[in-house]
Each structure stands twice: as structure tokens, then as C-alpha cells.
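Here is a short briefing to read beside the model. Keep the structure open and look up each residue as it comes.

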Amino acid sequence: MSDTTTIKRGYCDDIEEATIANNDFRRVLYTGEHLQLVLMSLAPGEEIGEETHEDRDQFFRFEEGEGVVVIDGVENKVADDFAVIVPAGACHNVKNTGEEPLQFYSIYGPPEHKDKVVHKTKAQAEADHDNDEWNGETTE
């Protein structure tokens with residue numbers, strides 16, 4: 001390996017533990033050139049709001065709580081250990097229908113948000129919406 005080669009570490013951690021410990025509405029953990037890992041937590045009755053990503057797929061993995069993922073008008077019930085893929089161009093929403101926080105992570109391909117963005121609340125995320133679009137910067 002030459003001196004000009006940069007070693008990349010990637011991301012390696014107990015994702016279930018990190019997801020359950022997260023209390024932020026949105027926390028970007030890692031951003032690569034083609035994928036982004038984001039922790040999310042929805043309070044009881046909260047939802048992310050309908051959205052459509054025309055140019056990116058999204059994977060959700062639910063670690064704790066109960067909710068629904070709506071994809072193009074079809075409700076899919078989710079709970080611990082459920083996974084959902086939303087294809088690019090599909091209108092979708094995630095709603096917490098339980099009495100405890102809905103703890104999950106998402107993988108976007110390509111990235112959606114600026115690297116390391118943290119939104120403590122949905123209101124903060126909505127207020128920052130026009131400023132948090134991915135700008136091409138990666139974690140490393």
C-alpha cells in the first residue's frame with residue numbers, strides 16, 4: 001500500500017443496540033458514496049410524513065415498537081424485526097401506531113441527508129428540510 005492510499009474504516013457496530021438507544025427523530029450515522037445509514041425514532045402517534053424519493057431506494061429495519069409503513073396507499077403493519085424496502089418513486093410514510101417509541105434504521109441508496117445530520121425532533125427536521133439534502137460529502 002502506498003503512502004497516498006487512504007484506508008477506509010466503514011461502519012461496524014451493534015446496530016440493534018444503537019437503534020434502540022437512539023432518541024432522536026433522525027440521526028445520520030454513516031454516509032458512503034452510494035449508501036447512507038440513518039437511525040430514527042418516532043414517538044407514539046408520530047409519523048415521518050408522506051414523501052417520495054424519485055431517485056433513491058430506501059430500506060427500513062424495525063427494532064422496537066409497532067407501526068405501519070404505507071407504500072403507494074397500501075398499509076403494511078410492522079413490529080420488531082420487520083424489514084421493508086420502498087422502491088424509488090413510491091409515495092411512502094412510516095407511522096407509529098403503538099404506545100412506545102418506534103425505533104428503526106433506514107438505509108438510503110444513494111444518500112438523502114447531509115452526513116452526520118442530527119434532528120432531535122420532527123419539527124427540527126421539517127424546519128431544516130431545505131438545508132439537509134445530501135451535498136456529496138461522505139463520512140470518510
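Asparagine 76 is partly exposed, because its relative accessible area is 30%, which falls between the cut-offs of 20% for buried and 50% for exposed. The model is a predicted one.

- The side chain of asparagine 76 reaches back to valine 74, where the backbone oxygen is 3.2 Å away.
- Setting aside neighbours within four places in sequence, asparagine 76 is in contact with Gly67, Val68, Val69 and Ile71.
- Leucine 37 is 39 residues from asparagine 76 in sequence. In space, the two C-alpha atoms are 22 Å apart.

- Is asparagine 22 buried or exposed? It is buried, because its relative accessibility is 4%, and the limit for buried is under 20%.
- Asparagine 22 belongs to the loop between helix H1 (15–21) and strand S1 (26–31).
- A polar atom of the asparagine 22 side chain lies 3.0 Å from the backbone oxygen of aspartate 24.
- Beyond its neighbours within four places in sequence, asparagine 22 is in contact with Arg27, Leu39, Met40, Ser41 and Gln103.

**Lysine 114, another loop residue**

- Lysine 114 is found in the loop between S9 and S10.
- Lysine 114 counts as partly exposed, because its relative accessibility is 31%.
- Which backbone oxygen lies 2.8 Å from a polar atom of the lysine 114 side chain? It is the backbone oxygen of asparagine 131.
- Lysine 114 also touches Val28, Gln36, Asp132, Glu133, Trp134 and Asn135, as well as Asn131 itself, not counting residues up to four places away in sequence.
- Lysine 77 is 37 residues from lysine 114 along the chain, and 30 Å separates their C-alpha atoms.

**The sheet**

- How many strands does the open sheet have? There are six, in the order S7-S4-S9-S2-S1-S10, and their pairing is antiparallel.
- The edge strands are S7 (83–86) and S10 (118–119), because each of them pairs on one side only.
- Strand S4 (residues 57–64) runs antiparallel to S7, and four bridges join them.
- Across this pair, arginine 61 stands opposite alanine 83 in S7.

**Backbone features in loops**

- Glycine 109 and proline 110 are joined by a cis peptide bond, with omega about -5 degrees.
- Proline 110 lies in the loop between strand S9 (102–109) and S10.
- Aspartate 72 is not a glycine, yet its phi is positive, at about 45 degrees.
- Aspartate 72 is placed in the loop between strand S5 (67–71) and strand S6 (74–78).
- Aspartate 72 is exposed, because its relative accessible area is 54%, and exposed means over 50%.
- Aspartate 81 also has a positive phi without being glycine, with a value near 75 degrees.
- The loop between S6 and S7 holds aspartate 81.

**The largest pocket**

- Rolling a probe the size of a water molecule over the atoms shows where empty space is left.
- The largest pocket holds about 230 Å³ of space.
- Its lining has 16 residues, and the closest to the centre are Arg26, Ile48, Glu51, His113 and His129.
- Strand S3 (51–52) and helix H2 (122–127) each supply at least two lining residues.
- Which element gives the most to this lining? H2 does, with three residues.
- By class, the lining of the largest pocket has four nonpolar, five polar and seven charged residues.

**The second largest pocket**

- The volume of the second largest pocket is about 160 Å³.
- Its lining is made of Tyr11, Ile15, Tyr30, Gly32, Leu35, Gln36, Leu37, Tyr105 and Ile107.
- Strand S2 (36–42) and S9 are the elements that give two or more residues to this lining.
- How many charged residues does the lining of the second largest pocket have? It has no charged residues, with seven nonpolar and two polar.

Notes: Residues are numbered from 1 along each chain as its sequence is written. This is a predicted model: local features need pLDDT of at least 70, side-chain atom pairs count only at pLDDT 80 or more; totals for chains, interfaces and linings use all residues. Side-chain values use heavy atoms; hydrogens and water are left out. Buried means under 20% relative accessible area, exposed over 50%, partly exposed in between (1.4 Å probe, protein chains only). A polar contact is a pair of N or O atoms within 3.5 Å; within protein, one must be able to donate a hydrogen and the other to accept it, and residues adjacent in sequence count only if both atoms are side-chain atoms. Contact means heavy atoms within 4.5 Å. Two strands pair if DSSP finds at least two bridges between them. On a 1 Å grid over the protein atoms alone, a cavity is a set of points where a 1.4 Å probe fits but cannot get out, and a pocket is an open set with protein on both sides within 12 Å along at least five of seven lines; lining residues have an atom within 4 Å of a point. Grid points are joined across faces, edges and corners, and a volume is the space filled by probe spheres set on the points. Ala, Val, Leu, Ile, Met, Phe, Trp, Tyr, Cys and Pro count as nonpolar, Asp, Glu, Lys and Arg as charged, and the others, Gly among them, as polar.
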